[in-house]
Every structure is written in structure tokens, then in C-alpha cells.
Amino acid sequence: MFTSNSRKKLLLKCVCFATLLVMILNILNTYYLQRNICDNDRTAKFKDIEPGIVISNTGSSHGLYGFNYEELGEEYNCFNFALESQRLSYDYRIVSNYSDYLAENGIMFITVSFFSIYGMDETEIDGFESKNQRYYKILPPGKIKEYNWKEDIKQHILPVINDEELLKTFVEGKTTGEAFQKIWYLNATEAEDLEGDAQSAYERHYVKNNIIETKKINAADYEALINLILLCKDKNVEPILITTPLMPEYKNKIRRDFLDDFYEKIEGIVINMGVSYYDYSSDERFDECPWLFMNVDHLNKEGALEFTNILEEEIISERYLR
């Protein structure tokens, strides 16, 4: 009897301790989330996503920074699904997860950069796990590559233990880094070495991934592009493939035989899938306007607004509600 009572008391103490610990962690997490409003990974926009999206786009950083819906958003419900370094395979996973937010008869611009359908599986690339953490904030487990339940717990249940500068966050708060806040406002005319920047971007996108020579298709991303097109059509949304404006210094670095291979692959998709493709990579309205770029291959905020207004005039106004 004595032993039984002791065990009950011990069990009760354990339950009380665990309950107290959960309460403390919950309070800390709540306060932590109030103090941490950092959006370096650009995922905060998904918290404000609203149904009835008429105009949207996908993509990597070319899509993220290439579209500016400030003016178009006054007329349509618009949303940018793109994130930095995002693969087509994640474009599809994200759009499929939020597909119920898409309005019928809308338009989705599927950004295809020249390197989008090439290269190795991103799970084999250094830094994948770190980049992959952002998707725990916006996707369910089944749509996250190499899902890890421990990472899920850290992101959703105990984000307070996932901060290496926890005390500093509690005391000072954490906001989006200054570099991330200013990047869209950069002006390429202020760059000291555009040719050097172009060479660096070229090596990062094509040489480092060894795709300029091999032209190896990434099966997962290529299939995701096809599935994304099919998903749009199933939702009665018009998918439009698009390549955003680039500075000549960057595009001229890319070998002609590689570009020919890219255009051949895209033309095959256009014919087989019955979609349109618009290539603005050498658009003369941007070729001689470096002030519309933040670097050699990304539009800045002003350039993105100009580009989006062009899309509204040349594509959206002619197709939407036709």
C-alpha cells in the first residue's frame, strides 16, 4: 500500500511538472513569436493569403522579385508564390497546397528561368536542409521534401528553442534583416562591376551545377512543371510560361547551344500541353535600362512594377474574362 501511494504521488508530481513545463513553454513561445517578426525567408506572405486569387506567379528569385502587384492588386486579387532559390518541384507542391485559393478564369505566370529544368536533385546539394526549413512554415508534412518530424516540432511547437540568439530576440526583438529589406530597392547602375557580377551569377547558375555541358534534365522539376500546368487547367486557371527580363551582361554569358536546348524543351511543352510561353529575357524595353534592375538577372521594385504593368497590358487585359 505504501509503495502504491508513493508511485501515485510520483506520477502526480511528474504530471504536474510536465503540465507546468508545457505551460511555461507555451508562454515563452507566444512571447517569442510576438518578438520575432523576422521574414528573411519571405514566407510571412502566406499568413495573409486570401481566396479568390485571380493573378499569380510562381518561381525562384526571378519570380519573387520580377512581379510587383502594387497597382494591379487594386483591381485583382494577386499573389506571388515564388521564393528565393525555389525549384519547380516546390512551385508545384506549394500551388497544389493552396490550389483552393485560386479563382476560376484566373492566370498563373509560371516563371521558367533558363536553368529551371536542369541540374541535380536539390536534396543532394549542400545547404538543402537549411533552405528546406522554410517549407515547414507553409506546407503540411506530406508536401515537404525529406520530412523530418523533429524539425517540424522545432518550427511549430517549440520555435523558441530554435533560435541561437534567443536572449537577444527576447530583449531587442527580431525583424527582417536590413539586407533583405533593401535588396528589392537596389539599382544596378550603382554596381561597380556588372561584368563581374554577370560572370559570378553565370558560374553559380550553370557552371557550379554542371549543366552548361551536360544539359542534364532534372526529372523531378520537369515533371513538376507538367503537373503544375495540369493543375492550373484542372482549376480552370490559365497557365502561362514566362521568362523575366535579364540584363544583356548576364544573358550574353550563356552559351547559345544551351539556350537552344532550353527553348527546344520549352517549345515541346508548349506544343504538347497547349500553353503559351513569353520570353522577356531580351526585351528591348529593359535591355538599355539598368536602373530597372537590382543586379544583372533580377528586376528591382521599379522594374518589377514596369514589367507587371506590361503584362497587364499585353496579356492580362486581353485574356482575363474574355
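A contact, as the word is used here, means that heavy atoms lie within 4.5 Å. In this predicted model, contacts between residues at least 6 apart in sequence are for 78% made between residues at least 24 apart. Of its 322 residues, 45% count as buried, while the chain exposes about 17,200 Å², of which carbon and sulfur atoms supply 52%.

The charged side chains can be taken next. The chain has 35 positive and 54 negative side chains, and the centres of these two sets lie 12 Å apart. The structure holds 16 salt bridges, and one of them joins Lys 301 to Glu 70, with the closest N and O atoms 2.8 Å apart. This pair links distant parts of the chain, since Lys 301 belongs to helix α14 (residues 301-319) and Glu 70 to the loop between α2 (61-66) and β2 (78-80), 231 residues apart. Glu 70 has a relative accessible area of 45% and is therefore partly exposed.

Another salt bridge brings together the side chains of Arg 87 and Asp 221, at 3.0 Å from N to O. Here too distant parts of the chain are linked, with Arg 87 in the loop between β2 and α3 (88-97) and Asp 221 in helix α10 (residues 219-234), 134 residues apart. Because buried means under 20% relative accessible area, Arg 87 counts as buried at 16%, and Asp 221 is likewise buried, at 1%.

The side chains of Arg 255 and Asp 257 also meet in a salt bridge, again at 3.0 Å from N to O. Arg 255 is partly exposed at 31% relative accessibility, and Asp 257 is partly exposed at 31% as well. Through salt bridges that share partners, Arg 255 and Asp 257 are joined with Glu 213 and Lys 215 into one network.

Asp 121, Glu 124, Glu 129 and Glu 146 form a negative patch, and Glu 146 lies in the loop between α4 (128-132) and α5 (149-156). A nonpolar patch is formed by Leu 20, Ile 24 and Leu 28, which together have about 240 Å² of accessible area. Leu 20 is found in helix α1 (residues 2-35). Patches are made of residues with over 30% relative accessible area, and Leu 20, which is partly exposed at 47%, therefore lies above that cut-off.

Methods. Residues numbered from 1 in each chain as written. Predicted model: local features only at pLDDT ≥ 70, side-chain atom pairs only at ≥ 80, totals over all residues. Heavy atoms only, no water. Patch = residues over 30% accessible without salt bridge, like charges linked within 9 Å, V, L, I, M, F, W, Y side chains within 5 Å. Areas by Shrake-Rupley, 256 points an atom, 1.4 Å probe, with all protein chains shown as cover. Salt bridge = Lys/Arg side-chain N within 4 Å of Asp/Glu carboxyl O. Lys, Arg positive; Asp, Glu negative; His and termini not counted. Charge placed at Lys NZ, Arg CZ, Asp CG, Glu CD. Helix = DSSP H or I, 4+ residues; strand = E, 2+ residues; numbered from the N terminus. Buried < 20%, exposed > 50% of the residue type's maximum accessible area, 1.4 Å probe, protein only.
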